Amino acid sequence: MADGTIARIATWNVNSIRARLERLLAWLESRRPDVVCLQETKVTDDDFPIAELRQAGYAAAIHGQRTYNGVAILSREPPVDVVRGFADGVEDSQSRFIVATAFTPAGPVRLASVYVPNGGSVGTDKFAYKLNWLARWKTWLDAHNAADAPLLLCGDFNIAPEDRDVHDPVAWEGQVLCHPDERAALAGIRDCGFQDLFRRLNPDLNAFSWWDYRQLAFPKNRGLRIDHIYGTQSLAERCRGVSIDREARKGKLPSDHAPVIAEIELC
């Protein structure tokens with residue numbers, strides 16, 4: 001648990017909570033975060049491992065989907081005021097966005113667990129869906145988050161914001177995850193009043209949160225920083241540290257993502 005007024009808030013694309021449950025439980029025990037935003041849980045709400053997580057000391061707000069997508073927010077006390085999806089009238093069966101208020105020893109925090117579409121390949125329908133989804137996200141923020149209201153956006157954004165977030169910018173130039181249109185859309189999210197907490201505290205650090213399973217990408221550190229925690233101004237000013245837990249990417253059958261952990265002074 002957090003010491004004093006510091007809350008430890010993490011985000012992690014687990015790439016199937018069933019396949020990674022043992023690793024997740026061990027990680028929760030060792031890292032003891034107060035709140036965890038999960039992405040790519042890949043199970044329906046009925047199949048989410050609520051009992052196992054409750055035994056580990058965590059309650060969950062979930063927005064699941066069979067086989068694909070799925071997001072959740074874990075905290076020591078049951079999250080409240082839960083919102084699932086954008087509720088913008090667009091027919092969309094993909095579970096990628098959940099917002100809730102979670103309680104920590106340092107105080108409550110409003111946060112979102114976000115799984116932005118990958119986009120497939122530039123020029124495809126999947127890429128168009130990604131850009132449209134990002135536009136819907138910005139519209140939701142414009143409508144539902146006041147400029148002075150503290151909010152964290154946590155998740156797999158599937159975008160490397162800048163070339164310094166990419167192991168080989170030349171090879172990735174113009175590709176999905178690094179395309180100028182995606183980066184412009186993400187800049188639009190930041191313009192809603194958010195700051196990239198990792199980059200705020202680590203302005204010169206080249207660090208990654210995702211590595212392909214293929215071609216020894218992780219041992220060679222050929223990765224991208226696509227998992228983020230963004231915070232409104234008041235939270236950004238009280239963020240005391242942000243790290244990427246590379247250890248969680250090691251070992252047998254890992255997710256291809258590493259958790260990102262922020263330490264924030266909430267009160």
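Mentor: Start with E40, placed in the loop between β2 (35-39) and α2 (50-55). Helices (H or I, at least four residues) and strands (E, at least two) are DSSP runs, numbered from the N terminus. This is a predicted model: local features need pLDDT of at least 70, side-chain atom pairs count only at pLDDT 80 or more, and totals for chains, interfaces and linings use all residues. Residues are numbered from 1 along each chain as its sequence is written, and side-chain values use heavy atoms, with hydrogens and water left out.

Trainee: Why is E40 called buried?

Mentor: Buried means under 20% relative accessible area, exposed over 50%, partly exposed in between (1.4 Å probe, protein chains only). E40 has 13%, so the label holds. Its phi is near 55°, a positive value in a residue other than glycine.

Trainee: What makes N69 count as buried?

Mentor: Its relative accessibility is 7%, so N69 is buried. N69 lies in the loop between β3 (59-63) and β4 (71-75). Its phi, too, is positive, near 55°.

Trainee: What volume does the largest pocket have?

Mentor: About 320 Å³. Of its 13 lining residues, N69, Q94, R96, N118 and K126 are the closest to the centre. On a 1 Å grid over the protein atoms alone, a pocket is an open set of points with protein on both sides within 12 Å along at least five of seven lines; lining residues have an atom within 4 Å of a point. Grid points are joined across faces, edges and corners, and the volume is the space filled by probe spheres set on them.

Trainee: How do you know which strands are edges of the open six-stranded sheet?

Mentor: Two strands pair if DSSP finds at least two bridges between them. The order is β5-β6-β7-β8-β12-β9, with mixed pairing. β5 (80-84) and β9 (194-196) each pair on one side only, and they are the edge strands.

Trainee: What makes β9 and β12 a pair?

Mentor: β9 and β12 (residues 227-232) share three bridges, in the antiparallel sense. The definition asks for at least two, so they pair.

Trainee: Which residues of α5 are buried, and what covers them?

Mentor: In α5 (residues 180-190), E182, R183, L186, G188 and I189 are buried. Their cover includes α3, β8, β9 and β12.

Methods
1 Å grid on protein atoms, 1.4 Å probe; cavity = no way out; pocket = protein on both sides within 12 Å on 5 of 7 lines; lining within 4 Å. Contact = heavy atoms within 4.5 Å.
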